[in-house]
Amino acid sequence: MTWHIERENGVDLDLVAVEALYRSSGLGARRPIAEAGRLAAMVRNANLVLTCRVGGELVGIARSISDFSYVTYLSDIAVDQAYQRSGIGKALIAATQQEAPQAKIVLLSAPAAADYYPHIGFTPHHSAWVRNP
């Protein structure tokens, strides 16, 4: 299997393909993907979007907001279930770090992925806070 990662402008992404990827990755259950306007805003307003494609098909995405100096908030990392455990997620994270090499990466883990991140160099941070609208 050959795949490649590239930086893309979120405005140019096919939202139907993005929604399908979020569903197939399992991330769709925790994101407002049924609300087309919110999904479009999520993708278009992120200032760092990296994708992974296999034969032109979108199979992975890392969506971040970064100042490219101090911190990058990796708000979404989604890999199609058929391609999970193939190194794509790890490569998307590495590519995110390469785009802002001085910035630390901060993310909120999906409950099912909480045990994964320590294995690839993340440490827990016990003072994160979330305020819902």
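The model is predicted, so local features need pLDDT of at least 70, side-chain atom pairs count only at pLDDT 80 or more, and totals for chains, interfaces and linings use all residues. Residues are numbered from 1 along each chain as its sequence is written, and side-chain values use heavy atoms, leaving out hydrogens and water.

Let us begin with the term itself. A salt bridge here is a side-chain nitrogen of Lys or Arg within 4 Å of a carboxyl oxygen of Asp or Glu. Searching the whole structure turns up 6 salt bridges.

One of them joins glutamate 99 to arginine 7, with the closest N and O atoms 2.9 Å apart. This pair links distant parts of the chain: glutamate 99 sits in helix H3 (residues 88-99) and arginine 7 in strand E1 (residues 4-8), 92 residues apart. Helices (H or I, at least four residues) and strands (E, at least two) are DSSP runs, numbered from the N terminus. Glutamate 99 has 31% relative accessibility and counts as partly exposed, as does arginine 7 at 44%. Partly exposed lies between buried, under 20% relative accessible area, and exposed, over 50% (1.4 Å probe, protein chains only).

Now look at helix H1 (residues 15-25), where glutamate 19 and arginine 23 lie 4 residues apart, about one turn of the helix. Their salt bridge brings the closest N and O atoms to 2.6 Å. Glutamate 19 is partly exposed at 24%.

Finally, glutamate 35 and arginine 38 meet through their side chains at 3.6 Å, N to O. Elsewhere, salt bridges with shared partners join Arg31, Arg63 and Asp76 into one network.
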